[in-house]
There are 4 protein chains.
Amino acid sequence: MIGKTTWVIADGYLPTNSTGNQVSHEAVCVLNLTPDEAVIQLTVYFEDRDPLAGFTCLCGAQRTNHIRLDRLVNDAGEQIPRGVPYALKIDSTVPVIVQHSRMDTSQEALALFTTMGYSG
Amino acid sequence: MIGKTTWVIADGYLPTNSTGNQVSHEAVCVLNLTPDEAVIQLTVYFEDRDPLAGFTCLCGAQRTNHIRLDRLVNDAGEQIPRGVPYALKIDSTVPVIVQHSRMDTSQEALALFTTMGYSG
Amino acid sequence: MIGKTTWVIADGYLPTNSTGNQVSHEAVCVLNLTPDEAVIQLTVYFEDRDPLAGFTCLCGAQRTNHIRLDRLVNDAGEQIPRGVPYALKIDSTVPVIVQHSRMDTSQEALALFTTMGYSG
Amino acid sequence: MIGKTTWVIADGYLPTNSTGNQVSHEAVCVLNLTPDEAVIQLTVYFEDRDPLAGFTCLCGAQRTNHIRLDRLVNDAGEQIPRGVPYALKIDSTVPVIVQHSRMDTSQEALALFTTMGYSG
């Protein structure tokens, strides 16, 4: 089945500011082409402290899930902080495809970027 | 022959708004380096409902086709809705190369992103 | 030696307009880590006509060359037209790494995108 | 262990100008999922002169490091010049994942791009 069970994003950053009516944010976009629901665990890595785990999401069979990283809460009630460089590891119970995008509206108008994740 | 017959894009989104004289849109850009015409089937995946199929395009031998996703109509007359997160699977009868790009003019000026598709 | 001798870019487009003091353009950025000069041939593919060849560039050993696609001229004096969707195949005599970027200043301010090329 | 010890970025460029309160810059974002600290050597390649080496960074075990390329100084006190096309090779003592991003605020508002590095 097309896809991988582990993906990495090295450039994570949630801008602190927004302008206009769209909030600066990032999303991990998952596509699950398998016949089984995917249980997805995200681990957040920082420059100067231990990783943060316990972020769990689901993605149904033959479904996509565009996971908003600025809204994600882990099982200890923690969120990814804004204004801090981070990186992500995404582990899934079934093979999926992962793409990461950022919308940055911090300085007038908006900017976007995207990349496929790295899967080894 | 360079290329693959199956490609995936996980972050699909057609912005609802546009400013200026360029409409917000996405394109799946296909290059066919083979000596045969490619018949391309697109399947659209959503977060909360069954996939939409029946979108068919052609790409001639030694030709490119920049398929506008905001103009695509399937054999049941359906289109990809604006303002809804989706993902794409692209299947081709011959090996091709697929790249996906978005132009977002929803908030003054314009933003672009692009990535090669994922091909396993 | 790290790199490949054939690369593909599927989304090529030179915007027709520019604003401010930076012209809308694209570049194919090559890095040659080998001890030999690279002779690079670019072939341009279109939606509705035969490919255009005869674009030749050099990239020295241990050098980069950021090839401006809006300034490229082939051996018949032809250029890549603006405002027309196209795709690129890049062939090199030695293994190189290829990345493709666009700057679009067509609608106030500027937008950028980039992706590594596809190398099979 | 997921990752590679050699990565390449072909499109490096530090814009000369900035607007607003965010400076135009680039970053090489590294994630180290191994149990050992990564010693990272960057080599900078140019179009018309010999490569510049001696740029050394660290990335701790289970840590990320978003290396600001506009602030990097090598062991001879040299920096990557602004306004000059360049390319990068990144060598690490342990397998890591590398992503490269640019923020360009040279012409009103801001533009972003990103791509995973190339790892062979």
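Because the model is predicted, local features need pLDDT of at least 70 and side-chain atom pairs count only at pLDDT 80 or more, while totals for chains, interfaces and linings use all residues. Residues are numbered from 1 along each chain as its sequence is written, chains are lettered from A and ligands numbered from 1 in the order in which they are written, and side-chain values use heavy atoms, with hydrogens and water left out.

The arrangement of the chains was examined by superposition. Two copies of a chain are related by a rotation about an axis and a shift along it. Chain A and chain C have no contact (heavy atoms within 4.5 Å). Their closest C-alpha atoms lie 7 Å apart. Chain B and chain D do not touch either, and their nearest C-alpha atoms are also 7 Å apart.

Chain B does meet chain A. The contacts involve 35 residues of chain B and 31 residues of chain A. The two chains bury about 2,400 Å² between them, 60% of it on carbon and sulfur atoms. Buried area is the accessible area (1.4 Å probe) that two parts lose on being put together, summed over both. B:Ala10, B:Gln107 and B:Tyr118 supply 29% of the area that chain B buries against chain A, more than any other three residues. One salt bridge is counted between chain B and chain A. A salt bridge is a side-chain nitrogen of Lys or Arg within 4 Å of a carboxyl oxygen of Asp or Glu. A:Arg63 forms a salt bridge with B:Asp50, with the closest N and O atoms 2.9 Å apart. Ten residue pairs between chain B and chain A are in polar contact (both at pLDDT 80 or more). A polar contact is a pair of N or O atoms within 3.5 Å; within protein, one must be able to donate a hydrogen and the other to accept it, and residues adjacent in sequence count only if both atoms are side-chain atoms. On the side of chain B that touches chain A, the elements giving two or more residues are β1 (4-12), β3 (38-46), β6 and β7 (111-116). Strands (E, at least two residues) and helices (H or I, at least four) are DSSP runs, numbered from the N terminus. This side of chain B has 17 nonpolar, nine polar and nine charged residues. Ala, Val, Leu, Ile, Met, Phe, Trp, Tyr, Cys and Pro count as nonpolar, Asp, Glu, Lys and Arg as charged, and the others, Gly among them, as polar.

Chain C meets chain B through 35 residues of chain C and 31 residues of chain B. They bury about 2,400 Å² between them, 61% of it on carbon and sulfur atoms. C:Ala10, C:Gln107 and C:Tyr118 lose the most area to chain B, together 29% of what that side buries. One salt bridge is counted between chain C and chain B. It joins C:Asp50 and B:Arg63 (2.9 Å, N to O).

Over all chains, the whole structure holds 24 salt bridges. One of them pairs D:Arg63 with A:Asp50 (2.9 Å, N to O). This pair runs from strand β5 (residues 63-68) of chain D to the loop between β3 (38-46) and β4 (52-59) of chain A. D:Arg63 counts as buried at 17% relative accessibility, whereas A:Asp50 counts as exposed at 55%. Buried means under 20% relative accessible area, exposed over 50%, partly exposed in between (1.4 Å probe, protein chains only).

Asp70 takes part in salt bridges within chains. In chain A, A:Arg68 pairs with A:Asp70, the closest N and O atoms being 2.9 Å apart. A:Asp70 is buried at 15% relative accessibility. In chain B, B:Arg82 pairs with B:Asp70 (3.5 Å, N to O). Both residues sit in the loop between β5 (63-68) and β6 (86-104) of chain B, twelve residues apart. B:Arg82 is partly exposed at 31%, and B:Asp70 is buried at 15%.

B:Cys29 lies in strand β2 (residues 25-32) of chain B. At 0% relative accessibility, B:Cys29 is buried. Beyond four places in sequence, its contacts include B:His66, B:Ile97, C:Ala10 and C:Asp11.
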